[in-house]
Amino acid sequence: MNKCVLVTRVMCRERKLFKNAHFHTRGFYRTFLFKSLSSSIKVNWLYSQKSWKAEDTMIPSFTSHHKFLGHVCRFSSMGSQHELPLDTPILYLKSEEAFAGLTSRERHYAHHLSRASWWGGFIVLCQTSPESPTIFNLLTRLFRSQPIDTLKEVAMLKAGFTEDEFKLLVIYYSGIAYNMGNYLGFGDRKFIPSVSREKLEALIKASKAYLEAPDIIEDYMKKCLEPMYNLEECKKFLGMPTSGVTMYFTPNCTQDDADIAKEYMAARNIEPWNNRLLKHEENGQTLYDIRLASIEQGPAAGITIDSDEFQGHKFRVSRGDYAFFLKKMTEELQLAKDYTANDLEVQMLDKYIESFTTGSIKAHKEGSTFWVKNKSPAVETYMGFIEVYRDPVNQRAEFESFVAVVNREQSRKFDTLVSRAEKEFLPLLPWGKDFEEDVFMRPDFSSLDILTFASSGLPIGINIPNYKDVKEEQGFKNVSLTNVMAARTGIKGGPFLSEADHALIEKHGALGLEIQVGLHELLGHGCGKFLRRKDDGSLNFDSTKIKNPFTGGEAMFYEKGETYNSHFTNLASAYEECRAETVALYLGHVDDILDIFGVAAESREDLKYVSWLDMMYAGLRGLEMYQPSQGKWGQAHSQARYVILRVALEAGQGLVNITETKGNDGLPDLLLTLDKTKIHTVGKQAMGNFLRKLQIYRSMGDSDSGRAMFEKYSEVPSDGPFPFGKWHEIVVRKRRPRMILAMPNTRVVGEDVELVSYPEAVDCVAKSWVDRFSSEDYEALESALSTFV
């Protein structure tokens, strides 16, 4: 319920004041129409962090009914942070020019890889929330049952929708399809329809979808409408039961269960990338079932374990999760093999097929090795269980698959950066050669135009594979998603900065972001050594020479079976993103790097300023992703940037400042400023000291020291010179909706493949999904999603 409605119905002392009030809801924006309002009663609206309050006061807050209504309407338009507003940017991701540059063979290859990706992407629905698959089934059937314009007429004529309300329903469905579930891919926050449940039910029952299959639609509504709108505290964010929602663990799992499973997997050398933990009773004893993603079910030597005991607990390793989706994927991958460019691509696809068929992580690592060796292909792709951000303990990975076309001209700049990195740029980092790789594994960097990206959202850069052993022994790739960056930088303005700063960001922001992403992915994630014991029992460093520089004692290291993620657990993603961001910020000072990207001498200082300003600004805006009720962060990148902002504020001397102001609407506001003259001195020294600690704690696996430092900077204080706890309300209130991207489809026409594009409009995501699969495919998909457990 909207906060203002809640106040007027429940919290107002003088309820009689509102007895003649009529509440009119128009989608996301609420307006209050009063029949009468006694001029003898003055109302003071007080906004606090957690609630609206209406109280009688002797001090007149508003001098007229008109002004009072104006304030009420303005307050009420803020809406819930769990809704997608009317001004959500829905954009089309352009790749027509890149696709046209491919040969017919390459277009066929891209087509089958895209089909495989879209099929695999449905795994994410099953990884997000219990209700996500059914919501997708219900709304996709609704939108594909009849043309969207016709459905809009039904909504307005038979279900009482306004035009804005129907637009909001389209936005909600677009959010479901883009995020592959009803929790935001960036921030892990649940979003609900801005249209009332009653109106949505009325539309569904008046639709052609209901007329054609009433029993199926009734079943879908029964299963998903209640959880679709449920905003109980424990349902608002993804997280460990019982404070959040997760599909990586059954609801009866606790943190203790997660910890014992982590210890068991480490002891048995099981990597958790493609599994989830199911806890249930069997023969009167608790059983932990580690379920692997695979097409095949039943026992497999070296992969499954029928029964095992560990520290008094019973374990099983089984397989067969997501079998339908993986089978559809591998069918398309088999077809793609007919259009590969070389043997490396054939071997890569064979290993992917083996991994998805059997559940073998070893096979996926081998496929990743072939992928790393396949330098700068015309059509780039990577798929599997990749990023661990959404697992509450940062071990199990979300499915991800992308297909893209290489932008060769853009990629040349990054080739130059890589070729000069080992001798010129890496030695500038503040931790010295002892904690740097003996040999820099030169990555392949490609600037890509994304054709297909199936996951819970699109990043702007990626450093993969995430397997540390493959990275150290075979190397890795960095990709910059050019058309995604172009879409992001096309969104202008925002709160908390001066007009002059916004003008500089508009002028230099696109190039600054390109350099930042390159440094972040190429050198940030690609640098730094892990001190570890190798499989043969030897150490990969000289323990007689390399010591802990902070204590002078023996350097800690990773034992066999231990990994960075197993040491840093729930902090691993944010800590690593912070390290990569800080590397990019630190090296962004270097003029030789700016020369590579063609930055004119007269623009260098402005571009450096914009890069730092953008990072501090991201840190402040990222406060939106903090969850005060649970005292935790909901997004790794946002936490990382907030930590960097706190480090800069701690440096003092006027480097960065945030002041509380009053906005044009009369409500509290903030202004962030950065002293350009202090970046090279105060800023660089502060970031260098911080970065040195980040890397050395990571190198040694010293998670205790790393956690203590990182959690200190991650705190959100409610008092002091920078009361971020108090300011959280301001940041949330002035947040801007994140963009939703529509992607094209591909289809075989005769002997060639054509790209199906969609005009940029609020319904372009919905239309692209209606076209993505045939009716027969959707029927099979609905059945698979309905039976997933």
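Helix 26 buries Phe-724, Gly-725, Trp-727, His-728, Glu-729, Ile-730, Val-731, Val-732 and Arg-733, where buried means under 20% relative accessible area (exposed is over 50%, partly exposed in between; 1.4 Å probe, protein chains only). That makes nine of the 10 residues in this helix, which spans 724-733. This is a predicted model, so to speak with its own ground rules: local features need pLDDT of at least 70, side-chain atom pairs count only at pLDDT 80 or more, and totals for chains, interfaces and linings use all residues. Residues are numbered from 1 along each chain as its sequence is written, and side-chain values use heavy atoms, with hydrogens and water left out.

**Overall picture**
- The protein has 28 helices and 21 strands, taken as DSSP runs numbered from the N terminus (helices: H or I, at least four residues; strands: E, at least two).
- Of the 789 residues, 59% are buried.
- Among contacts (heavy atoms within 4.5 Å) with a separation of 6 or more, 75% join residues 24 or more positions apart.

**Nonpolar cores**
- The largest core takes in 127 residues, and Phe-122, Phe-136, Ile-450 and Trp-769 have the most contacts inside it; a core here is a set of buried Ala, Val, Leu, Ile, Met, Phe, Trp, Tyr and Cys residues joined through side-chain atoms within 4.5 Å.
- Helix 4 (residues 104-128) gives the most to this core, at 11 residues.
- Beyond its neighbours within four places in sequence, Phe-122 touches Phe-136, Met-180, Phe-325, Trp-769, Phe-773, Leu-781 and Leu-785.
- Another core, of 90 residues, lies apart from that one and includes Leu-571, Leu-623, Trp-633 and Met-709.

**Aromatic rings**
- There are 39 aromatic pairs, counted when ring centres of Phe, Tyr and Trp (its six-membered ring) lie within 6.5 Å; planes under 30 degrees apart are stacked, over 60 edge-to-face, the rest tilted.
- Trp-371 and Tyr-382 make a tilted pair, 4.4 Å centre to centre with 35° between the planes.
- That pair links helix 14 (residues 361-373) to strand 10 (residues 379-387), with the partners 11 residues apart.
- Trp-371 counts as buried because its relative accessibility is 0%, and Tyr-382 does too, at 2%.
- One aromatic cluster includes Trp-118, Trp-119, Phe-122, Phe-136 and Trp-769.

**Charges over rings**
- Arg-772 has its charged end over the ring of Trp-769, 4.6 Å from the centre (the rule: NZ of Lys or CZ of Arg within 6 Å of the ring centre and within 35 degrees of the ring normal).
- Arg-698 lies over the face of Tyr-564, 5.9 Å from the ring centre.
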